[in-house]
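Welcome, and please load the model in your viewer. We will go from one selection to the next and look at what is there.

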Amino acid sequence: MTSTWVKFYDFKHSIIYVNERHRDVHYARIAHDIAPYIPSPAARVLDYGSGEALHADEMAARCASLVLAEAAPNVRAVLTQRFAGNAKIKVMTPEQVAALPSGSFDFIVMHSVSQYLTVPELEGLLGRFRKLLTSGGLLVVGDVVPARFASLAAALALMRFGAANGFLGAAILGLMRIVASDYLRLRKIIGLSHYDEAGMLAKLAAAGFSASRAERNIGHNQARMTFLARPL
Ligand SMILES: C[S@@+](CC[C@H](N)C(=O)[O-])C[C@H]1O[C@@H](n2cnc3c(N)ncnc32)[C@H](O)[C@@H]1O
């Protein structure tokens with residue numbers, strides 16, 4: 001499941017973004033929403049499954065160091081080039097992150113990735129995050145997708161986001177492209193992982209976190225959920 005979704009995201013111009021404006025405002029919104037969770041200017045931060053992270057410099061400005069972990073090699077190459085001039089930002093593979101010592105980070109965010117992981121993969125990753133976080137650290141898991149009406153909610157949220165940011169026409173065309181694309185075919189064949197609020201809270205508790213659901217989801221789709229988790 002994971003390797004297929006990672007290949008899907010390894011295109012430089014994924015069809016998930018309907019145009020360049022969408023790609024830019026998407027990443028600006030994510031960075032803007034994540035930044036206030038960064039606990040202090042001294043924090044060591046990990047963004048796991050960062051994607052293209054176009055506005056990671058906004059997060060880096062709020063912390064001491066920022067690791068962007070991304071499984072897709074072409075996305076990693078773009079990230080490495082984009083942030084070569086920023087001494088605070090490092091790009092790593094998931095394997096490199098897994099090899100880091102315990103307590104390497106004060107803050108970890110994983111946004112819009114849980115749906116692409118199998119349940120055992122998510123469980124393994126939460127356990128790894130628990131080890132990598134300092135005892136007073138914070139884990140934020142964002143964009144967790146509940147099962148009910150997920151596609152309809154995503155389409156409506158994209159149209160609202162497009163209308164608010166000047167790309168409604170492109171959003172509608174983009175949705176038509178997505179319907180005809182590999183994305184829906186992969187969704188049918190490989191599937192996405194869904195969690196309701198209690199389900200994700202239980203996974204976080206089992207991994208050794210005390211967790212709660214945030215009032216708002218990070219990003220534009222408020223039908224999805226963000227969770228805040230602290231090591232027990
Ligand atoms: C929907 S994108 C999210 C990107 C970014 N976090 C955001 O919110 O825009 C999902 C990302 O997770 C990455 N990904 C999927 N499975 C992964 C894994 N097992 N480890 C690391 N990254 C993974 C994909 O390559 C892709 O960049």
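Before the first selection, a word on pairing: two strands pair if DSSP finds at least two bridges between them. The helices (H or I, at least four residues) and strands (E, at least two) are DSSP runs, numbered from the N terminus. This is a predicted model, in which local features need pLDDT of at least 70 and side-chain atom pairs count only at pLDDT 80 or more, while totals for chains, interfaces and linings use all residues. Residues are numbered from 1 along each chain as its sequence is written.

**Stop 1: a strand pair**

Select residues 44-48, strand β1, together with residues 105-111, strand β4; the two pair in the parallel sense over 3 bridges. Click on Asp47, whose bridge partner in β4 is Val109.

**Stop 2: the whole sheet**

Now widen the selection to the open sheet of 7 strands, which has mixed pairing and runs in the order β3-β2-β1-β4-β5-β7-β6. At the edges stand β3 (89-92) and β6 (209-213); each has a single partner strand, so one side of each is left without a neighbour in the sheet. On average, neighbouring strands here are turned by 20 degrees against each other, direction ignored. Angles like these are taken between axes, which are lines fitted to C-alpha atoms, for helices over the stretch in contact; angles run from 0 to 180 degrees between N-to-C directions.

**Stop 3: two helices across the sheet**

Next, select residues 119-132. This is helix α6, which lies across β1, β4, β5 (133-144), β6 and β7 (225-231), and runs at about 145 degrees to β5. Two residues are in contact if their C-beta atoms, placed from the backbone, lie within 7 Å.

For the next colouring, a residue is buried if 20 or more other C-beta atoms lie within 10 Å of its own, exposed if 12 or fewer, and partly exposed in between, with C-beta atoms placed from the backbone.

Which residues of α10 are buried? They are Met200, Lys203 and Leu204. They cover an arc of only 95 degrees around the axis, which puts them on the same side of α10; the arc is that of the directions from the helix axis to the C-beta atoms. These buried residues pack against α6, β5, β6 and β7. Turn to the face away from the buried side of α10 and you will find the exposed residues Ala198 and Ala206. Following α10 is Gly208, with a positive phi near 95 degrees.

**Stop 4: helix α7**

At 1.5 Å a residue, the 15 residues of α7 should span 21 Å, and the end C-alpha atoms are 21 Å apart, which agrees. The expected span is 1.5 Å times one less than the number of residues in the helix.

Colour Leu158, Phe161 and Gly162, the buried residues of α7. Their arc around the axis is only 100 degrees, which puts them on the same side of α7. They pack against α8 (168-179). On the face turned away from the buried side of α7 are the exposed residues Leu152, Ala163 and Ala164. After α7 comes Gly166, whose phi is positive, near 80 degrees.

**Stop 5: single residues**

Pick Ala53 in the loop between β1 and α3 (56-60). Although Ala53 is not a glycine, its phi is positive, at about 40 degrees. Is Ala53 buried or exposed? With 25 other C-beta atoms within 10 Å, Ala53 is buried.

Move on to Asp143 in strand β5. Asp143 also has a positive phi, about 60 degrees, although it is not a glycine. Asp143 has 19 other C-beta atoms within 10 Å and is partly exposed.

Stay in β5 for Ser135, which is exposed, with 9 other C-beta atoms within 10 Å. Draw a distance from Ser135 to Leu232: they are 97 residues apart in sequence and 7.9 Å apart in space, C-alpha to C-alpha.

Zoom out to the protein chain, with its 10 helices and 7 strands. Along its principal axes the C-alpha trace spans about 45 × 40 × 30 Å. Buried residues make up 38% of the 232 residues. Among contacts between residues at least 6 apart in sequence, 67% join residues at least 24 apart.
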